[in-house]
Amino acid sequence: METCFVNLIEPGDTVIVCQNGVFGSHMKENTERAGASVVMVEDEWGTAVDLNKVEEALKANPGAKALAFVHAETSTGVLYCLTPRPCAPLLPNTVPYLLLMR
Ligand SMILES: Cc1ncc(COP(=O)(O)O)c(C=O)c1O
C-alpha cells in the first residue's frame, strides 16, 4: 500500500480516501505522509462506503488525483460488489488514478 501511495502521490495533490475500516485509515496516513491533502469519505465500519457519497466527493473535488478505497476491507470482512453500480464511468473525467487496495 505504502509503495503505491509514495510512488503516485506528491505534495500538493488531493486524494479522496474512502474509509470503512482499519486499512482506510492507513490510506489516509499514507496520503498525508506523501504531503497530499485528504478528502475523507467515511461510513460505518462493517458496511461499504456509500457510492453516492463517493460520487459527491468526486464532483466536489474535480482536481483530485486519485480515488482510493479498500476493495476487501479485511479488518471487517466487507467486500465491495462493484458490478451493479461501478463508479468507473465517473473516473475518466474526474481522477487520473483509482487506487483499489485488496
Ligand atoms: C485490506 C488489506 N488487508 C490486509 C493487508 C495486509 O496487512 P498486514 O501486512 O498488516 O498483514 C493490507 C495491506 O496493505 C490491506 O490493504
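Student: Which elements do the buried residues of helix 2 pack against?

Tutor: This is a predicted model, and in it they pack against helix 1 (2-8), strand 1 (14-19), strand 2 (37-42), strand 3 (66-70) and strand 6 (97-101).

Student: Which residues of helix 2 are buried, and what makes them count as such?

Tutor: They are G24, M27, N30 and T31. A residue is called buried if 20 or more other C-beta atoms lie within 10 Å of its own, so each of these four meets that cut-off.

Student: Why can we say that the buried residues line one face of helix 2?

Tutor: Looking down the helix axis, they fall within an arc of 115°, so one face of helix 2 holds them. In general, an α-helix has 3.6 residues a turn, so residues three or four places apart point the same way.

Student: How do you know that the span of helix 2 agrees with its number of residues?

Tutor: Helix 2 covers residues 22-33, which is twelve residues. At 1.5 Å a residue they should span 16 Å, and the end C-alpha atoms are 17 Å apart, so the two agree. After helix 2 comes G35, with a positive phi near 90°.

Note on methods
Residues numbered from 1 in each chain as written. Predicted model: local features only at pLDDT ≥ 70, side-chain atom pairs only at ≥ 80, totals over all residues. Helix = DSSP H or I, 4+ residues; strand = E, 2+ residues; numbered from the N terminus. Expected span 1.5 Å × (residues − 1). Buried ≥ 20, exposed ≤ 12 C-beta atoms within 10 Å, placed from the backbone. Arc of directions from axis to C-beta. Contact = placed C-beta atoms within 7 Å.
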